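Here's a quick briefing to read alongside the model. Keep the viewer open and follow along.

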Amino acid sequence: MPGRRTSTPATVAIRIEHVDSPGTIPAIAAGVAAVGGTLRTLSTVRRIAGEPPLAELEIEVEGIDERTLVEAIEALPDVRGSRLTKALGRVFGKRVIVVGGGAQVAQVALGAVSEADRHNLRGERISVDTIPLVGEENIAAAVRAVADLPRARLLVLAGSIMGGDITRATRELREVGIPVIALNMVGSITDAVDLVVSDPVQAGTMAVMAVADTATFDLARQRGRRY
């Protein structure tokens, strides 16, 4: 159900320097699985010139402790070095994404950042990401892409008019469990979101409250309302 909060297992993050060959990343994934770990994220950091060419990547793993993960990685023949890092969930935490028109996005971000600061001082980790976009195609593509963003917990649509493919993309996003708040605007979008808020600063504030464990705001109980 969109908006439902669930606890997640502890995550171990490790940065790996390895031979840049087609079989290395599958070998790393297999090595993690062999010791009972579940690979949650994998991101390529950079390429390193040399002979043989090297690359650096970072993975986040659940289900095993740090020592087990390090030993499994270091045992792989193409690994040249590794070091433990902090999982991005512990550094940047949950993400609130704001998409739409520049002026409205800025005002939503103002409310969201101010509210996130209040909760982050109490131990939360909530970050706010924004992108001002123009055009139905661009905004719809951005909405669909939120489903692929790591740690994205909620989307705010900030604009003056949205509908058509944006509305379809919003319904698709909610189906995968990411709730959506929209400003009160022209178009069919207001019938496809979890909550409609007229004031952009308040929309940003409520978005952060909806994802914060240190808040008592329950988006599920507000679903379908307009403010």
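The chain's accessible surface comes to about 11500 Å², and 52% of that belongs to carbon and sulfur atoms; the areas come from the Shrake-Rupley method with a 1.4 Å probe, and for residues only the protein chains shown count as cover. Keep in mind that this is a predicted model: local features need pLDDT of at least 70, side-chain atom pairs count only at pLDDT 80 or more, and totals for chains, interfaces and linings use all residues. Residues are numbered from 1 along each chain as its sequence is written, and side-chain values use heavy atoms, with hydrogens and water left out.

**Overall build**
- Taken along the principal axes, the C-alpha atoms fill a box of roughly 60 × 35 × 25 Å.
- The chain has eight helices and ten strands (DSSP runs numbered from the N terminus: helices are H or I with at least four residues, strands are E with at least two).
- Of the 227 residues, 44% are buried (buried is under 20% relative accessible area, exposed is over 50%, partly exposed is in between, with a 1.4 Å probe and protein chains only).
- Looking at contacts (heavy atoms within 4.5 Å) between residues at least 6 apart in sequence, 74% join residues at least 24 apart.

**The sheet**
- Six strands make an open, parallel sheet in the order S6-S5-S7-S8-S9-S10 (two strands pair if DSSP finds at least two bridges between them).
- Strand S6 (126-132) and strand S10 (225-226) sit at the edges, each pairing on one side only.
- S8 and S9 run parallel over three bridges, and Leu183 has Val197 in S9 as its bridge partner.

**Inside the fold**
- The largest nonpolar core has 46 residues, and Val96, Val99 and Leu157 are among those touching the most other members (a core is a set of buried Ala, Val, Leu, Ile, Met, Phe, Trp, Tyr and Cys residues joined through side-chain atoms within 4.5 Å).
- Elements that each supply at least two residues of this core include strand S5 (94-100), helix H4 (102-120) and strand S7 (152-158).
- A second, separate core of 13 residues includes Val12, Ile16, Leu69 and Val79.
- Beyond its neighbours within four places in sequence, Leu157 is in contact with residues including Val99, Val143, Ile181 and Leu183.

**A buried histidine**
- His119 lies in helix H4 and counts as buried because its relative accessibility is 0%.
- Leaving aside neighbours within four places in sequence, His119 is in contact with Glu124, Ile126, Val208, Met209, Ala212, Thr214 and Ala215.
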